[in-house]
Amino acid sequence: PEIDGRAVMVRVRAERDRFVQGVRDGFADLPEGTCVQARAAFTSDTTLALDDGRSVRANAIVVATGAAPMIPPPFRDLGPALLTNDTVFEIEELPSRLAVIGGGPIGLELAQAFARLGVEVALFDQGDTLAGVRCDRVHKALREVVEGDMSLHLGTNPRPTREGDGVRIDWDGTSGHFDRVLVATGRPPNIEGLHLDRTGLTLDGNGMPEVNEATLQCGDAPIFMAGDGNGE
């Protein structure tokens, strides 16, 4: 088939906006007073200060703030050539050549999507396995499918350099030029500004409390972390 890249991206954005609007409509349908729109920060394990001057006290608090793309330092200065799974949907045309950094579920999913839309894709990962697959037989089958769609470079340390409007990637004594680089190297939890240090919880070096995988409770506090926000 002939691929109209511009039309593809227009439709993708329309679908994304439709999904988001559904969530917003759900909030709008809640009974009056149920939904409080403000930025919250902990002042104790049961109280929150809101940025509109109000405060909230609760018997239990669920933190469901999601996660955000993590950009390793070598890739932070690539300007408009840099894409993440948040920004990739804003491009208006499909790139001719795309480098995807990270072979986890998100990187693999987007790499395969672009490859099957006719984009020349190269996928890089420092590890030796794709998408966290633990079974050797499954990984062998997955790798064969992926290599049928794109060039695959596992166990490599790709190094980017801005070059004109694109990016040069160097790895293992080889280099390639790409129009865009999609970085999918993880999505750490969105906890900035929550002041979890005021809850009395013990935090690790990343500012995260220990979360019980079975109950999602943080320590013995009446605080629960759900969704991507719990780091699991």
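E120 counts as partly exposed, because its relative accessibility is 46%, between the 20% and 50% limits. Keep in mind that this is a predicted model. E120 has a charged partner: R97 forms a salt bridge with it, and the closest N and O atoms are 3.3 Å apart. What does this pair link? It links distant parts of the chain, with R97 in strand β6 (residues 97–101) and E120 in strand β7 (residues 120–125), 23 residues apart. R97 is partly exposed as well, with a relative accessible area of 27%.

**Other salt bridges**

How many salt bridges does the count come to? It comes to 13.

| Pair | Closest N and O atoms |
|---|---|
| R54 and D52 | 2.6 Å |
| R97 and E120 | 3.3 Å |
| R143 and E147 | 3.3 Å |

Take R54 and D52. R54 is partly exposed at 45% relative accessibility, and D52 is partly exposed at 38%.

Now for R143 and E147, which sit in helix α3 (residues 136–147). They are four residues apart there, so about one helical turn separates them. Why does that spacing matter for direction? An α-helix has 3.6 residues a turn, so residues three or four places apart point the same way. R143 is partly exposed, with a relative accessible area of 29%, and E147 is partly exposed too, at 40%.

Salt bridges can also join up into a network: R6, E92 and E93 are linked in this way.

Helix α1 covers residues 5–28, which makes 24 residues.

**Inside the protein**

Next, the nonpolar cores. The largest one has 21 residues, and those with the most contacts inside it are L98, F114, V121 and L123. Which elements give two or more residues to this core? They are β6, α2 (105–116), β7 and β8. The biggest giver is α2, with five residues.

Leaving out residues up to four places away in sequence, L98 touches L83, F114, V119, E120, V121, A122, F178, R180, V181 and L182. Notice that E120, the salt-bridge partner of R97, is on that list of contacts. There is also a second, separate core of 15 residues, which includes L82, F124, I169 and F178.

**A threonine in a loop**

Where is T156? You'll find T156 in the loop between β8 (151–154) and β9 (159–163). Buried or exposed? T156 is buried, because its relative accessible area is 4%, under the 20% limit. A polar atom of its side chain lies 3.1 Å from the backbone oxygen of H153. Not counting residues up to four places away in sequence, T156 touches F124, D125, Q126, W171 and D172. One of these, F124, belongs to the second core.

**And the cysteines?**

The count of disulfides comes to zero.

Definitions and conventions
Residues numbered from 1 in each chain as written. Predicted model: local features only at pLDDT ≥ 70, side-chain atom pairs only at ≥ 80, totals over all residues. Heavy atoms only, no water. Expected span 1.5 Å × (residues − 1). Buried < 20%, exposed > 50% of the residue type's maximum accessible area, 1.4 Å probe, protein only. Polar contact = N/O pair within 3.5 Å; in protein donor to acceptor, adjacent residues only side chain to side chain. Contact = heavy atoms within 4.5 Å. Disulfide = S-S within 2.5 Å. Salt bridge = Lys/Arg side-chain N within 4 Å of Asp/Glu carboxyl O. Core = buried A, V, L, I, M, F, W, Y, C linked by side-chain atoms within 4.5 Å.
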